[in-house]
Amino acid sequence: MKKSLLWIVVLVLSISMVTAFSLSGCKTEEAATEEAATEEAATEEAATEEAATEEAAEVTAEVTAGEGIVIYAQMGGSPGDPSTLPRQNGAAAAAEQWGCEIVYQFSEWQNDKMISQFKEALAAEPDGIIIMGHPGVDAFRTFVEEAEGKGIIVTTNNTPLPELEVTYGGNGFGYAGADLFEGGYVTGQQIIAAGNLQAGDRVLEYGLRAQPERGKSDEGVYQAFLDADLTVDYIEITPEVDADATLCIPILTGYLASNPDCKAIGTQHGNVTSTMGEVVKAAGLGPDDIVIGGIDLSPKTVEALQEGYVDLVLDQILYLQGYLPVTQIMLTELYGMPGLHINTASGVVTSESIADILSLIDEGIR
């Protein structure tokens with residue numbers, strides 16, 4: 001009996017030990033499986049992170065692909081002046097994004113200085129040159145041919161050079177700016193509408209019609225006035241006023257004193273537009289006494305729009321006239337893209353609509 005009981009105890013202990021070992025083995029196997037799954041997930045996550053890092057590196061490499069590329073860029077007036085600053089901000093933003101270097105050139109809007117600056121740029125043999133087309137096709141032709149012969153990409157802003165664009169468009173010669181005559185004509189039409197002007201009413205166009213390309217903008221205003229059968233007076237902006245717009249104040253106040261029946265003044269000169277509030281006040285007139293239409297959104301022009309001394313301006317988005325030419329040269333240099341012709345102006349900003357874009361103007365974008 002005792003032996004039988006002993007065998008039963010031994011048998012029970014044996015079964016318990018076998019069961020314990022079996023359960024232990026299962027747990028070990030499960031743990032190994034879980035560990036393998038964790039390692040596999042970690043490997044997949046690491047591979048995903050590595051792929052994302054490589055993709056980000058590729059994007060960064062593309063954005064900074066302009067490293068070592070040098071561009072000379074004509075900005076127009078003087079550093080920081082109201083018709084130049086947004087353009088310079090746009091060029092700087094494009095240069096930062098592409099990683100290229102910009103050498104800025106300021107001409108005080110003088111045609112001969114623009115040509116001299118192009119010669120300086122040619123001598124430096126950069127990768128690209130951005131010009132302003134004010135001097136015209138004939139003045140630029142020889143120098144553009146020389147640049148093209150050296151493999152330098154040339155493009156223009158603010159004032160187009162159509163013949164050169166046709167000839168060298170395949171090499172990246174594009175244009176970023178307003179359709180000058182069309183923009184001027186739209187401005188003239190909006191001045192007529194704002195003042196409810198009728199045939200025979202006297203108006204003044206104060207501009208640069210004598211300049212072959214830049215003058216097309218003022219020609220558009222002038223033609224819109226003529227087409228409405230208005231009595232149109234015209235005064236050509238002198239080189240001195242072109243460089244320092246405040247000099248127009250005595251000229252225009254003198255005109256208004258001699259022509260008290262003048263109902264509107266139109267201009268397509270940005271810095272002159274910025275002085276028009278001072279002109280109206282100096283002439284002893286109020287915001288509702290005369291309609292003023294101009295161009296661009298300098299701080300002083302914005303103030304005059306808010307006060308009602310300037311009624312409307314053509315918005316040619318100067319920021320894009322700085323940003324797009326830099327981008328044009330980079331697209332041509334890196335990807336062989338041809339010149340793009342981009343119209344940056346299609347409407348006007350008025351005393352009523354100016355409030356909607358004040359924050360962008362403060363940032364130097366509009």
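Let's start where two helices meet: H10 passes H11 in a left-handed crossing. The contact is made by Gly270, Thr273, Ser274, Thr275, Gly277, Glu278 and Lys281 on the H10 side, and by Lys300, Thr301, Ala304 and Glu307 on the H11 side. By class, this contact has one nonpolar, six polar and four charged residues. Keep in mind throughout that this is a predicted model.

H10 has another partner to look at. Helix H9, residues 248–258, packs with H10 at an angle of about 50°, and the two axes are 9 Å apart. H9 and H10 are therefore oblique to each other as well, and here H9 passes H10 in a right-handed crossing. From H9, the residues Cys248, Ile249, Leu252, Thr253 and Leu256 take part, and they meet Val272, Thr275, Met276, Glu278, Val279 and Ala282 of H10. The classes in this contact are eight nonpolar, two polar and one charged. Thr275 and Glu278 of H10 are listed in the contact with H11 and also in the contact with H9.

H3 spans residues 111–124 and H4 spans residues 137–149; they pack at an angle of about 10°, with their axes 11 Å apart. That angle makes H3 roughly parallel to H4. On the H3 side you will find Ile115, Phe118, Lys119 and Leu122, which meet Ala139, Phe140, Phe143, Val144, Glu146 and Ala147 in H4. Eight of the contact residues are nonpolar, none are polar and two are charged.

Now for the spaces in the model, beginning with the largest pocket, which holds about 190 Å³. It is lined by 15 residues, and Leu85, Leu297, Pro299, Ile361 and Gly364 are the closest to its centre. Which helices contribute? H2 (85–98), H11 and H13 (358–362) each give two or more residues to the lining, and H13 gives the most, with three. The lining has eight nonpolar, three polar and four charged residues.

There are also two cavities of 30 Å³ or more. About 160 Å³ of space lies in the largest cavity. Its lining is made of 16 residues, with Asn158, Arg214, Gln268, Ile295 and Gln316 nearest the centre. Nine of the lining residues are polar, four are nonpolar and three are charged.

The second largest cavity has about 40 Å³ of space. Pro82, Pro86, Asp296, Leu297, Asp315, Gln316, Ile317, Leu318 and Arg366 line this cavity, and they divide into five nonpolar, one polar and three charged.

Note on methods: Residues numbered from 1 in each chain as written. Predicted model: local features only at pLDDT ≥ 70, side-chain atom pairs only at ≥ 80, totals over all residues. Heavy atoms only, no water. 1 Å grid on protein atoms, 1.4 Å probe; cavity = no way out; pocket = protein on both sides within 12 Å on 5 of 7 lines; lining within 4 Å. Points joined across faces, edges and corners; volume = space filled by probe spheres on them. Nonpolar A, V, L, I, M, F, W, Y, C, P; charged D, E, K, R; others polar. Left-handed = near helix turned anticlockwise from the far one by under 90°. Helix = DSSP H or I, 4+ residues; strand = E, 2+ residues; numbered from the N terminus. Contact = heavy atoms within 4.5 Å. Axes fitted to C-alpha atoms, helices over the stretch in contact; angles between N-to-C directions. Parallel < 35°, antiparallel > 145°, perpendicular 65-115°, else oblique.
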